[in-house]
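Me: I would like to learn how to read a protein model. Can we work through one together?

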Amino acid sequence: MMNDLLPVLIVGAGPTGLMAACELARRGIVFRIIDKSTDRVLTSNAAWIQAGTMELLGTLGLAESFLKVGHPCHAINLYIGGKPLTQISFNGINSTYPFILMLPQSETERLLIEYMKTFNQHVEYSTELIDLQQNDDVILATVKLANGTIETIMCQYLLGCDGANSTVRTRCGIFFPGEDLTEQFVVADAQIDSYMAKDEVHVFVDKETVFIASPLSGDQYRIIANLHLTYPRKFFTEREVIEIAQERAHGAYYVKNASWISPFWIHGKIAKIMRKHSIFLLGDAAHTHSPVGGQGMNTGMQDACNLAWKLALVINGKAKSRLLDSYQAERQPIVQEVVNQTEDFTKMILFDKMTLAKLRKFSKAIQQDTTLSQAIATQIAQIHIQYKDSPIIEYGTREHSPKPGERAPNVFISSSAHLFDYFQNPLHNVLLFMGTS
């Protein structure tokens, strides 16, 4: 069965694919979004939403919806041997959202799907991409529907948001080099008794071990620990999770029950290219890395926002197709930085015999330079991202003006409104600066 030419096909309905769908929907672009799963994710998975992503959700008018169900965490605390070492506070970062919003991925997906529905759009679950061909300006995507029917979708653009084992990337023959870390981790959603601050993340490091506790809400936590095993394991008991938490957090946490326990391994990989003609890779399909700092889902959602408005302009005939070249030019350096930094920190924690000494030196540096902690928080929050070297920048500005490619400062316009409040539309906005101040 063949259909008419579809402007955009999105393959994969995780947070990245859904964010792309939301951005296209509000710009009036016709698309379909498919996923081979039977339903959205129902577990916590990626639970950290950074300030940079919250700002993008704000442009969709979704920030308040996320804040209602999320749990703000204002700092990351680091411990060695159970004793406090240093704190990275988010209170001083230059954002309307000076915190990490803890929210299960299941809720992130639910909110994005609800937003899509306001545009009469829905996810086609149990629909799997099995092949694709790119002929001139048309892509032929062969999909298998839930009832076994085979359909050929003819589309103008295809977005591969289908995760680390991306069928889109494989069918395009795009090289995905990188490294698989041998260390195994376990992640769990747990109900915990603790005297620790519930609006902060706590990271316990000892020799070759790490334990991370992120409060989700009330007594619910997301916990992650490396296993330090010489052999791989697929299944873990609740008792083992309780013992890991007790031992690694030096008695600071007592796990009452664990509702979800899953093993995982870390893969640090980046696709050689993020675009092949009219096919684009986004999120985990283009890059995978350590979960340190909660960067993964946020990087993917920001890929989606970067590409969607450009696609909309090109499809609507308001921009040349060369605008789309800027997607890889802008995003790949950001992705490379995220992968390198998270991988370096993870390897130091797990494999460097000088880890504890380096962390103590790091703590001392933060104590001596108060701006260092804020710089690190700004980077984790992903509000440091800039595109000053983008190929779409054609004009400069005066010395003291905001520079093209910089993130706009979210200043107060009035006592109750920020500049970003005026960006809650799918248009470009012209700002006129008048007067001498």
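Me: Which residues line the largest cavity?
Reply: First, the ground rules. This is a predicted model, where local features need pLDDT of at least 70, side-chain atom pairs count only at pLDDT 80 or more, and totals for chains, interfaces and linings use all residues. Residues are numbered from 1 along each chain as its sequence is written, and side-chain values use heavy atoms, with hydrogens and water left out.
Reply: Now the idea. Rolling a probe the size of a water molecule over the atoms shows where empty space is left. A cavity is a set of points, on a 1 Å grid over the protein atoms alone, where a 1.4 Å probe fits but cannot get out; lining residues have an atom within 4 Å of a point. Here the lining is Val-186, Val-187, Ala-188, Phe-211, Ile-223, Ile-224, Ala-225, Val-241, Ile-244 and Ala-245. S12, S15 and helix H6 (238–248) each give two or more residues to that lining. Helices (H or I, at least four residues) and strands (E, at least two) are DSSP runs, numbered from the N terminus.

Me: How many polar residues does the lining of the largest cavity have?
Reply: Sort by class. Ala, Val, Leu, Ile, Met, Phe, Trp, Tyr, Cys and Pro count as nonpolar; Asp, Glu, Lys and Arg as charged; the others, Gly among them, as polar. This lining has 10 nonpolar, no polar and no charged residues.

Me: What is the order of the strands in the open sheet of 8 strands?
Reply: Follow the pairing: two strands pair if DSSP finds at least two bridges between them. The order is S6-S5-S13-S14-S15-S12-S16-S19, with mixed pairing. Strands S6 (83–89) and S19 (287–288) are the edges, each pairing on one side only. S5 (75–80) and S13 (201–206) pair in the parallel sense over 5 bridges. In that pair, Asn-77 stands opposite His-202.

Me: At what angle do helices H9 and H10 pack?
Reply: Axes are lines fitted to C-alpha atoms, for helices over the stretch in contact (heavy atoms within 4.5 Å). Angles run from 0 to 180 degrees between N-to-C directions. H9 (355–368) and H10 (370–380) pack at about 110°, with axes 4 Å apart. They are therefore roughly perpendicular (65 to 115 degrees; under 35 is roughly parallel, over 145 roughly antiparallel, the rest oblique). Their contact includes Phe-362 of H9 and Leu-372 of H10.

Me: How do the axes of H8 and H9 cross?
Reply: They cross at roughly 125° and come within 8 Å. H8 and H9 are therefore oblique to each other. Phe-345, Met-348 and Ile-349 in H8 meet Thr-355, Lys-358 and Leu-359 in H9.

Conventions. 1 Å grid on protein atoms, 1.4 Å probe; cavity = no way out; pocket = protein on both sides within 12 Å on 5 of 7 lines; lining within 4 Å.
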